[in-house]
Amino acid sequence: MGIKFILVLIIAILISMLLDCSAQSSCSNHTFSGNRVFDSCMDLPALEAYLHWNYIKPTQKVQIAFRATQTPTGWISWAINPTGTGMVGSQAIVAFLNSNGSLMVYPTPVTSYVPSMEPGTLSFDVSNLTAEYYNNQMTIYAVLGPLNGTTVNHVWQAGSVSDDVPQAHSMYGENTQSLGTMELFSS
């Protein structure tokens with residue numbers, strides 16, 4: 001009876017440790033390179049993605065880190081849509097690994113359901129734009145704004161890259177669920 005109890009106890013401890021490790025993948029437990037720290041975060045409900053941010057109230061700017069699981073042959077994107085709730089009209093930032101191994105990150109406005117995905121100018125300023133790829137996860141860093149208001153519609157996506165060009169994302173499953181509203185700052 002004593003050995004069975006010890007085995008059950010050991011198994012329970014191992015399961016607890018595994019659950020603790022999986023909980024660390026949430027946004028609140030993530031550690032960023034360069035000692036970056038974010039006051040707010042959310043686990044996004046689709047595409048294994050997370051958003052971290054600092055709202056800078058005096059300037060109405062937001063510092064973001066958007067991270068998502070991705071293969072070396074894929075792209076990720078996060079966007080604010082100042083005019084609606086979906087993809088068209090969104091002001092996006094895209095990141096992917098070029099065939100030469102360098103990381104590309106740039107802004108692109110999404111003006112149709114078949115966007116060019118080429119670099120462009122957004123309707124608000126973007127600064128400190130960088131990205132990194134580590135352990136099958138891409139992260140985009142940027143400072144956006146000033147923004148009008150503290151509640152924004154946002155969308156995020158992921159897809160594949162061919163010949164250094166981001167390809168259209170899937171129109172099924174999680175790719176159709178990757179949108180929401182977020183409160184950048186609550187008083």
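Two strands pair if DSSP finds at least two bridges between them. Strands (E, at least two residues) and helices (H or I, at least four) are DSSP runs, numbered from the N terminus.

This is a predicted model: local features need pLDDT of at least 70, side-chain atom pairs count only at pLDDT 80 or more, and totals for chains, interfaces and linings use all residues. Residues are numbered from 1 along each chain as its sequence is written, and side-chain values use heavy atoms, with hydrogens and water left out.

**Exercise 1.** Find the elements of the chain.

Solution. Start with the count: 1 helix and 11 strands. Then read along the sequence: the order is α-β-β-β-β-β-β-β-β-β-β-β.

**Exercise 2.** Which residue of β8 is the bridge partner of Ile64?

Solution. Locate β3 at residues 61–69 and β8 at residues 137–144. These strands pair in the antiparallel sense over 8 bridges. Across from Ile64, the bridge partner in β8 is Ala142.

**Exercise 3.** What percentage of the chain is buried?

Solution. Apply the cut-off: buried means under 20% relative accessible area (1.4 Å probe, protein chains only). Buried residues make up 39% of the 187 residues in the chain.

Terms used. Buried means under 20% relative accessible area, exposed over 50%, partly exposed in between (1.4 Å probe, protein chains only).
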